[in-house]
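Student: I have a structure open and would like to learn how to read it. Can we go feature by feature?

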Amino acid sequence: MTTQANVPLPPGYQLEEYRIERQLSLGGFSIVYLATDDKGELVVIKEYLPNSLALRTAGHTLPSIAEENAATFRYGMKCFFEEGRALARISHPNVVQVLNFFRANETVYMVMRYERGRTLQEQIHLRKGEIREGFIRAVFARLLNGLREVHAHKLLHLDIKPSNIYLRTDGQPVLIDFGAARQTLQNDAPLLKPMYTPGFAAPEQYNNARHELLGPWTDIYSIGASMYACMAATAPQAADKRLERDQLVPAIRRWPDKYSRQLLETVDVCMRLNYLERPQSVFALQKMLTGKARSLPKAGLLGGLRKRVLALIK
């Protein structure tokens, strides 16, 4: 099927106990709506509708799915539903709250709490590279608390980036859009086609990397890249390009007079290409960010494994 844009559900459409107000975003994997529930409260609804597998045209509610795409669509729908089930078990102030998930219109919907504020990406754009260290530390210290809870539930995010970090009006960060979180920490979980954002995705996410290479360290690379973007006001060099020719200027060399050495070293170690040289857990990263780690991992300490690791992810 040729990839085409899906037509969203129209304003006023009644979906179970929710009324669609308007479309918020449309991506290749899903459509996101602003809606009201039966109490008049605003909620956000994400509709599973990958445009490479299904097409909904104007005037229709049900998507058209070619026979050759049906099995893949159903499998993705099952994973989306299981993702909603997993996220609904997480109750943390720094993780988006899933309120409900259900099947309708031959697909699946995830209902989330509506938050007021702006994304970190919007904040970066507004500040134009003038984001202070105190702000970075405050945002990511809280965000890591939420990510630690996500990992405790055997779930990876796999698409952490400034546009998926939402800042409430009170400044509290919220990790949103788990659209790529279809890879759990269970060894027997199936591996779907990876979704990632260049500049923020870890090298092991590229080229259909082997399942066992993905772990908490994968999200930690994205955390480091997001902190780097706060400083640079732009995304860092994509990891696959870094594997070919690493042109990324380390934070410690780029901003030695603007941010503390300890913060810059933390960013750099999170963005090591060899996942074995990064912090292996959020707890380890939290200690590093607060200066309580005994020492930073040495680049090249595990150099004997480096060529083999990079060969696996190329």
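Student: Which residues line the second largest cavity?

Tutor: First, the ground rules. This is a predicted model: local features need pLDDT of at least 70, side-chain atom pairs count only at pLDDT 80 or more, and totals for chains, interfaces and linings use all residues. Residues are numbered from 1 along each chain as its sequence is written, and side-chain values use heavy atoms, with hydrogens and water left out. A cavity is a set of points, on a 1 Å grid over the protein atoms alone, where a 1.4 Å probe fits but cannot get out; lining residues have an atom within 4 Å of a point. Here the lining of the second largest cavity consists of Lys46, Glu83, Leu87, Val96, Met110, Met112, Asp177 and Phe178. Helix H1 (67-88) and strand E8 (107-113) are the elements that give two or more residues to this lining. Helices (H or I, at least four residues) and strands (E, at least two) are DSSP runs, numbered from the N terminus.

Student: How many cavities of 30 Å³ or more does the structure hold?

Tutor: A volume is the space filled by probe spheres set on the grid points, which are joined across faces, edges and corners. The structure holds two cavities of 30 Å³ or more.

Student: What is the lining of the second largest cavity made of, by class?

Tutor: Sort by side chain. Ala, Val, Leu, Ile, Met, Phe, Trp, Tyr, Cys and Pro count as nonpolar; Asp, Glu, Lys and Arg as charged; the others, Gly among them, as polar. This lining has five nonpolar residues, three charged and no polar.

Student: Which residue forms a salt bridge with aspartate 177?

Tutor: A salt bridge is a side-chain nitrogen of Lys or Arg within 4 Å of a carboxyl oxygen of Asp or Glu. The count by this rule is 11. Aspartate 177 pairs with lysine 46, and their closest N and O atoms are 2.6 Å apart. The partners are 131 residues apart: aspartate 177 sits in the loop between strand E11 (173-175) and helix H4 (216-232), lysine 46 in strand E4 (residues 42-48). Both residues also line the second largest cavity.

Student: Is lysine 46 buried or exposed?

Tutor: Buried means under 20% relative accessible area, exposed over 50%, partly exposed in between (1.4 Å probe, protein chains only). Lysine 46 is buried, at 5%. Aspartate 177 is partly exposed, at 31%.

Student: Where are arginine 85 and glutamate 82 relative to each other in helix H1?

Tutor: They are three residues apart, so about one helical turn separates them. Their side chains form a salt bridge, 3.3 Å from N to O. Arginine 85 is partly exposed, at 34% relative accessible area. Glutamate 82 is also partly exposed, at 34%.

Student: Are aspartate 159 and lysine 161 buried or exposed?

Tutor: Both are buried. They form a salt bridge too, with 3.6 Å between the closest N and O atoms.

Student: Which residues other than glycine have a positive phi?

Tutor: One of them is asparagine 105, with phi near 55°. Asparagine 105 lies in the loop between strand E7 (98-104) and E8, and is buried at 16% relative accessible area. Alanine 233 has phi near 65°. Alanine 233 lies in the loop between H4 and helix H5 (239-244), and is partly exposed at 33%.

Student: How many helices and strands does the chain have?

Tutor: Nine helices and 11 strands. Of its 314 residues, 52% count as buried.

Technical notes. On a 1 Å grid over the protein atoms alone, a cavity is a set of points where a 1.4 Å probe fits but cannot get out, and a pocket is an open set with protein on both sides within 12 Å along at least five of seven lines; lining residues have an atom within 4 Å of a point.
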